[in-house]
Amino acid sequence: MIRFENVKKVYPGTGKSPDIVALQNVNLHIGKGEFVFVLGHSGAGKSTFLKLILREEAATEGRVIVNGWDLSTIKNREIPYLRRGLGVVFQDFRLIPTMTAYENVAFAMRVTNIPEKQIKRRVPYVLNLVGLRDKAYSLPQELSGGEQQRIALARALVHSPPIIIADEPTGNIDPELGVEIMELLQAINTVGTTVVVVTHERDLALRFHKRVITIDHGEVVADAPAAPRRRRTPAEAAAPTAAQRGSAPGQPARPARPAAARTGRPAAPRHTGAAKGGEQP
Amino acid sequence: MKWSSFQYLVKQGWHSMVANRLMTLASMGVLTACLFITGVAALLSLNVNSFVDYLGSKNEVVFFLEDTATDEQVQALAAQIDATDNVAASTYISKAQAVEEMRQDLGENSDLLDSFAGEDNPSNPLPASFRVSVEDPALMDQTVQTIRSYGGDLFYRVEAPSELGDAMVTVRRVANLVGWGLVAVLGVVSVVVISNTIKLTVFARRKEINIMKFVGATNAFIRLPFFVEGMTVGALAGVLATALVGGGYYAMDRSFHAADSYSVLLVEFQQCMIPFSAVILPLAGGFILFGMFIGGMGCAASIRRHLKV
């Protein structure tokens, strides 16, 4: 899914200021269906790590491979198709304030050339997934931070991406609502989506007993594999918390919501195909 | 591109025009003004051209012949003159015809010349002549020199309105230069103004553009609404400028033809002014296309920087 091979990123200095080495000697592999925290202080190189995955920046040395795309040789016109396979959630939500929740999610589909008919089916489905079907016609300012972040998550899910990347997803919202977002991400992970959460909160990273990659001073200093929780049986650990509470939005096959399951399925393979560059605008 | 996407893009472009209506109006106004001045300059230059051509066709050089010239010499000369480059037409006026013309000019006093009338009247003091009109007044001097060399001693005098020709040629050259210079300068100004307007729209929507980039919209898709906006502003400015310049020209055309004037220049100008009906379609087409081109250019100039995410 995501592979870094001897990656180094240097930002060239301007004028008198020296070059800045943001990342170096980074070797890692994040496999399909993994849930990974990337932990680091501000300035440790987390943002650069994200920018390399999204191909906002190109690596100075080494190779970055995402979803089968080699980002050192990817053409500029292919980058949009790479990004359609990556769902991104930002700390500051990045919603358009003049658009309703529905419009914000639909926006991501409209600007990628998807027919209106498909948008009308897909958007209610993903809003339902994040539990915001009732708030579809609210503006972002009328919603809480947690709800806004869930819209952002719905938008990230709209192309059925194989990878979800969350940049400090709980940074701007109340702690209890942050837990909700994390549970949603876990639920999404249980249906096979790779989830990468970038954060500076050590407690958050450790609480979920997932793999934690620690970055410091531009290098990977620790890569701790997921550990099963001690006070739970393996069966309990495998089942997502959200699902146990009966609000598992990540399981479209649940009999309680057959309509959602029907509408969700046909969209999925199409977008995966688009992400691999099969579809031209 | 799918139809729904196209609809979406056009809608977006329109929305942003309405949302930034003040800037849209301002840039439309500036572009209209630029097109207006451009159009006036172009029409002026075209009409000066037409006027100069008209004067050129009226520009006759008169070659007066010595009375000693024989019929054979005159015929040979006529053939040579007709074969000369830049000669539009030439007429031979015999001594008798010259008297006839003068009698007509005198009107009721024509009987003064009765004693000179008639073919081969030995007392006729008027010379025979060739009247030659040229195609390009700019080359008149050369043409006159060439014809003079054919006739040699047979010509006793040559009357060429070369100064008027020179002056008109200069006027035409200046009018063309100023016209095209204005078109170029105003074109650049319009591109800058439009690009600034689009820059503001782009700036107002930079967050949206950023989001578009992250959800995987192609650059072409992101750019299109701005192109729609720029080109619509250009086209609307073109329509406005057509109305202004076309209306003005129509009024002028009308008043010229209605004028009951004895001014020679005005009469001459009436005859060579390009009629409104011949001007309006190229004017409208030119304005709208040029406006859209400028709008598109301004858009391309301003959005490039914002796509680098």
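**The sheet of β2, β1, β4 and β5 in chain A**

In this predicted model, chain A has an open sheet of 4 strands, ordered β2-β1-β4-β5, with antiparallel pairing. The edges are held by β2 (20-30) and β5 (69-70) of chain A. Each of these edge strands has a single partner, so one side of each has no neighbour in the sheet.

Strand β1 of chain A covers residues 2-11 and runs antiparallel to β2(A), joined by 7 bridges. One point to look for on screen is A:V7, whose bridge partner in β2(A) is A:V26. Helix α1 of chain A, residues 46-53, lies across β1, β2 and β4 (61-66) of that chain. The helix runs at about 120° to β1(A).

**Helix packing around α3 of chain A**

Helix α3(A) packs against α4 (residues 116-129) of chain A, and also against α5 (residues 145-157) of that chain. The table sets out the two pairs.

| Helix pair | Angle | Axes apart | Source |
|---|---|---|---|
| α3(A) and α4(A) | about 125° | 10 Å | |
| α3(A) and α5(A) | about 30° | 8 Å | |

Take the pair with α4(A) first. The angle is about 125°. That makes α3(A) oblique to α4(A). The crossing is right-handed. On the α3(A) side, the contact is made by A:A101, A:Y102, A:V105, A:A106, A:M109 and A:R110. On the α4(A) side, A:I119, A:R122, A:V123, A:V126 and A:L127 take part. By class, the residues of this contact are 9 nonpolar, no polar and 2 charged.

Now the pair with α5(A). The angle here is about 30°. α3(A) and α5(A) are therefore roughly parallel to each other. This crossing, too, is right-handed. From α3(A), the contact uses A:A101, A:N104, A:V105 and A:A108. From α5(A), the contact uses A:I151, A:A154 and A:R155. The residues of this contact divide into 5 nonpolar, 1 polar and 1 charged.

**A hairpin in chain A**

Strands β9 (residues 211-216) and β10 (residues 219-224) of chain A run antiparallel and are joined by 5 bridges. Within this pairing, A:T214 has A:A222 of β10(A) as its bridge partner. The two strands form a hairpin with 2 residues between them. In the turn, A:H217 has a positive phi of about 50°.

**The sheet of chain B**

Chain B also holds an open sheet of 4 strands, in the order β2-β3-β1-β4 and with antiparallel pairing. At its edges stand β2 (87-93) and β4 (155-159) of chain B. Each has a single partner strand, so one side of each is left without a neighbour in the sheet. Ignoring direction, neighbouring strands of this sheet are turned by 15° against each other on average.

β2(B) pairs with β3 (residues 129-134) of chain B over 6 bridges, in the antiparallel sense. In this pair, B:T91 stands opposite B:R131 of β3(B). Helix α3 of chain B, residues 71-82, packs on the sheet and touches β1 (60-65), β2 and β3 of chain B. The direction of this helix makes about 165° with that of β2(B).

**Where the chains meet**

In the model, 17 residues of chain A are in contact with 17 residues of chain B. On the chain A side, α2 (79-84) and α3 (101-110) each supply at least two residues. α2(A) gives the most, with 4 residues. By class, the side of chain A that touches chain B has 8 nonpolar, 2 polar and 7 charged residues.

The model scores ipTM 0.74 and pTM 0.65. Chain A has an average pLDDT of 83, and 81% of its residues score at least 70. For chain B the mean pLDDT is 80, with 91% of residues at 70 or more.

Where in chain A is confidence lowest, and where is it highest? The lowest mean, 42, belongs to helix α10 (residues 258-275), and the highest, 95, to β4(A). Over residues 242-281 of chain A, pLDDT stays under 50. The model has 61 contacts beyond four places in sequence for that stretch. Where pLDDT is low, predicted coordinates should not be read in detail.

Definitions and conventions
Residues are numbered from 1 along each chain as its sequence is written. Chains are lettered from A and ligands numbered from 1 in the order in which they are written. This is a predicted model: local features need pLDDT of at least 70, side-chain atom pairs count only at pLDDT 80 or more; totals for chains, interfaces and linings use all residues. Two strands pair if DSSP finds at least two bridges between them. Two residues are in contact if their C-beta atoms, placed from the backbone, lie within 7 Å. Axes are lines fitted to C-alpha atoms, for helices over the stretch in contact, and angles run from 0 to 180 degrees between N-to-C directions. Ala, Val, Leu, Ile, Met, Phe, Trp, Tyr, Cys and Pro count as nonpolar, Asp, Glu, Lys and Arg as charged, and the others, Gly among them, as polar. Angles under 35 degrees count as roughly parallel, over 145 as roughly antiparallel, 65 to 115 as roughly perpendicular and the rest as oblique. A crossing is left-handed if the near helix is turned anticlockwise from the far one by less than a right angle, and right-handed if clockwise. pLDDT is the predictor's confidence in each residue, from 0 to 100.
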